Amino acid sequence: MTSTVAAARKGASRTLTSTGGVRSMWGKLRSLGFLVFLWISLLVALITLVVLILDTIRTGATRLDTRLFTEYPSSRPAEAGARPAIIGSAWVIGATAALAIPLGVAAAVHLEEFANRHSKVNRYVEVLVQNLAAIPSIIYGMLALSTLALMGVSNKNIVIGGALALALLILPVIIISTREALRAVPREMRQGSLALGATDVQTVWRTTLPAAIPGIATGTILALSRALGEAAPLLLLGGLVFISFDPNGLLSGFTTMPIQIFGWTGNPQAEFHELAAAASIVLLVILLAMNGLAIAIRNRYQRRW
Amino acid sequence: MMTDTRTPAAGSPLRSSLPPGDPRARSITRGKPHHGERVVKVALRLSAWLSIVITLGIAISLLVPALEFFAEVPVTEFLFGTRWAPTFADATFGVLPLVTATAWTTLIALAVAVPFGLGAAIYLAEYARPRVRKIIKPVLEVLAGIPTVVFGFFAINFVTPNVLQSLLGLNVSTFSVLAAGMVMGVMIIPTIASLSEDAMTAVPQAMRQGSAALAANRMQTSLRVVFPAALSGIIAAIVLGISRAIGETMIVAIAAGSRAQMVTDPTMEGSTMTGFIARAALGDSRVGSLEYNTLFAVGLLLFVLTMIVNMISVQIVRRFRQEY
Amino acid sequence: MTTHPHAAAISVPSPARSATPLSTRPEIRTHTEVPDVPDPVIECEDLSVYYGDFKAVTDVSLAFGHNEITALIGPSGCGKSTLLRCLNRMNDLVDSARVEGSVRYWGQDMYAPDADAIEVRRRIGMVYQKPNPFPKSIYDNIAYGPRVTGMKVDSMDDHVEQALRDAALWDEVKDKLKQNAYGLSGGQQQRLCIARTIAVSPDVILMDEPCSALDPVATLRIEELMLQLRADYTIVIVTHNMQQAARVADRTAFFTAGVNEITGDRTGVLVEYDKTSRIFGNPANSRTEDYISGRFG
């Protein structure tokens, strides 16, 4: 711990309260204590992250083998795998992206580029988008469940139902991040296009949107990674079922990786906990890759103009 | 001094598509109609208005089954009853056990997330060098991106046995609101830290310099100048943390336990509102049955609570907003 | 081919303008007569521009001659740029902006209900203070205008080359057409923006302080380019640099700001409009003389 204290002291010595005596000593001590607290604050987050990852690997490493990718769920842990969950996650996230990205980007373009700022409707919409982003995810599952019931779909465990719930969940996130990306495009760029005789739609399509793509991509990837790790809304759609086939379409039954992990953690046998940890490692690797991609895009294209 | 460098005859081929003076080259009335663009704009507007549909959809989809529920169960019994046993033969629907469990997990999460989240934010905004910040911020983002099922599993697989039982010597069982709340707190740290940091970085440098000019040290400047100036943003961050804690599902479903009881001690297990919904959803309840409607009554309460929290946040931000 | 020879274009100065005194009080005198410029491409008559309740420019009557360079000069905040943006309806993009009076392009009212802002901007291009190329390749920057306006072009490659040649940029960029325009220097970027503008074959080019972000060498190159382009285009330039106006402009309009004593709003007024040689040699208005000789502004 000497290095921490030394660093803290170095930080404290930069403060220049120069009134001598006891008061100054006390002030220095307080500054030092404050800095130590700040360090601890950061360490709590960082150490937990490291411990969480290490603990998951320690528990799941033994079970991280090909069976995980090729086998179907089973009541015998040695024969169980997450194959349908992995395929199901791919289907659900693919459908979620197909629903949420066009709608979210379109809504953001309207609000940022075309909407009349003074119109009441648009102000309501802006407030609603903010509010929707703060609604608990499980509520979106209830919305999807009700919608399916309303449409008379008796089987709630279908890929498109799950995708609907997740798409509604991440829609506000995509709208907000796309708006930020559009706002970051300098006004001069739009003016340059309009001054050449381009219409406003052409300007958005050929200039503003292309210039905002890195920002939109970053926000969208982060939103999708959130959807990929989300389980709560899908529980309401009967995601926690034994699936002994490969999900193969929008109307197919499904389970996803987070739900499969949840199912396994609820089982008292330790072998199932190993399976849960192994599947978690796979999920974490995918999510870390997505996060890394998003951060890389952001760093590469940050404010080029 | 003016030199006339004008070329005697205009010559660029770009200008020769139409003879000069041809009225077609000078007309400014609409050339071709842009009907397609009108369609595009309408489509964009409808996408934006979808958020209205979604909000109404949420309200209706929660309200209709909930109203059916309240036709059978009096609202007062629901809100003030202390026994939650919807599946028992002598079914009672007092929601307070779920509410107390939610309150405990939320408070414990805040006890972890607020001090450490703000500490991290102050460090990043006021102390860290740009290079350090550039490393730590993505790490916090990664923490924020960990799926909550993994957090929940971490709570029962590591925190309860190693931290609570061995390290702190507490007498807790596998499931407790304490373990769930603590892990949830860590999950919320990045939310509070990054939003608060944004608020503090937005405080103008001139205010810091003004404070420094009065011989305040960095701690005094952070706590007495920057922190109050950023207060509205910080409170908004904390309130967002609260609504995330109330709505968080998977951590409590895995780690808080399933017994619906009035929680009076953090080492007890308890079923939160979200935890109840998650578990009840696993059963295959028929649409329209009391069991199905119960789900939505609790969902409605959850929705109303988070909306109230959000509105408080909006009000606070409005009242404390500082114009720099 | 120009229909009017240069000699005729600069022959008649406008004596009426010199009699107009400047008032700095709110009741600024209105100019109703359009000054006598032969073969005017754009004519403003009693043009006032408002942003909400704020009157930014008042009662400007002014004409821009065919294949001439007209400079708008004056201290900052005198509404020169605002006026310029009205000439191709770029002010439409500002929510609260409103125009009174008329702006005519070859006799057609630019703000008439059947006039299309998109068509106006296609005929009347604009180059900005800060170079604003698109984050695309040099080639795509030039091809952008012809593509969006649906110009019929035999060969886009030839068209791009011609635009770059006309903007005196071809030799510098011919080997890197596919590279991003952001790799160019500031001066090159500004010439690229000019090339991009002439690629849609406009009639008029508006330039809003095109050299203020550039170094002296790059500035000189843009000025040379403007003198070359005068053969094919009518150019209106807003500039802070009086020497620049003296070097390139056939005619110069001097603006200043009148202050409303009640609201404190600064409203732009046209003080004097004449041949550049008159404005800089023998101005009729003492205000102009003060500004030209550096006594205010």
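**Note on the predicted complex of chains A, B and C**

1. In this predicted model, strands β1 (residues 40-51) and β2 (residues 54-65) of chain C pair in the antiparallel sense, with eight bridges between them. Within this pairing, Glu43(C) lies opposite Ala63(C) of β2(C). The hairpin formed by β1(C) and β2(C) has two residues between its strands, and Gly52(C) there adopts a positive phi near 65 degrees.

2. Strand β1(C) is also joined to β4 (residues 97-105) of chain C, again through eight bridges, and the two strands run antiparallel. On this side, Tyr50(C) faces Arg98(C), which belongs to β4(C).

3. The contact between chains A and B involves 68 residues of chain A and 70 residues of chain B. On the chain B side, helix α2 (residues 35-72) of chain B gives the most, with 18 residues. The residues of chain B that touch chain A comprise 47 nonpolar, 18 polar and five charged.

4. Which elements of chain A give two or more residues to the side that touches chain C? The contact itself draws 16 residues from chain A and 21 residues from chain C. The elements of chain A in question are α8 (187-195) and α9 (200-229). Of the chain A elements, α8(A) gives the most, with six residues. By class, this side of chain A contains seven nonpolar, six polar and three charged residues.

5. The mean pLDDT of chain C is 83, and 87% of its residues reach 70 or more. By element, the lowest confidence in chain C belongs to helix α1 (residues 6-9), with a mean of 36. The highest belongs to strand β8 (residues 234-238) of chain C, at 95.

6. Where in chain C does pLDDT stay under 50? This applies over residues 1-34 of chain C. Helix α1(C), at residues 6-9, has a mean of 36.

7. For the complex as a whole, the predictor gives an ipTM of 0.86 and a pTM of 0.85.

Conventions: Residues numbered from 1 in each chain as written. Chains lettered and ligands numbered in written order. Predicted model: local features only at pLDDT ≥ 70, side-chain atom pairs only at ≥ 80, totals over all residues. Contact = placed C-beta atoms within 7 Å. Helix = DSSP H or I, 4+ residues; strand = E, 2+ residues; numbered from the N terminus. Nonpolar A, V, L, I, M, F, W, Y, C, P; charged D, E, K, R; others polar. Pairing = 2+ DSSP bridges. pLDDT = per-residue confidence, 0-100.
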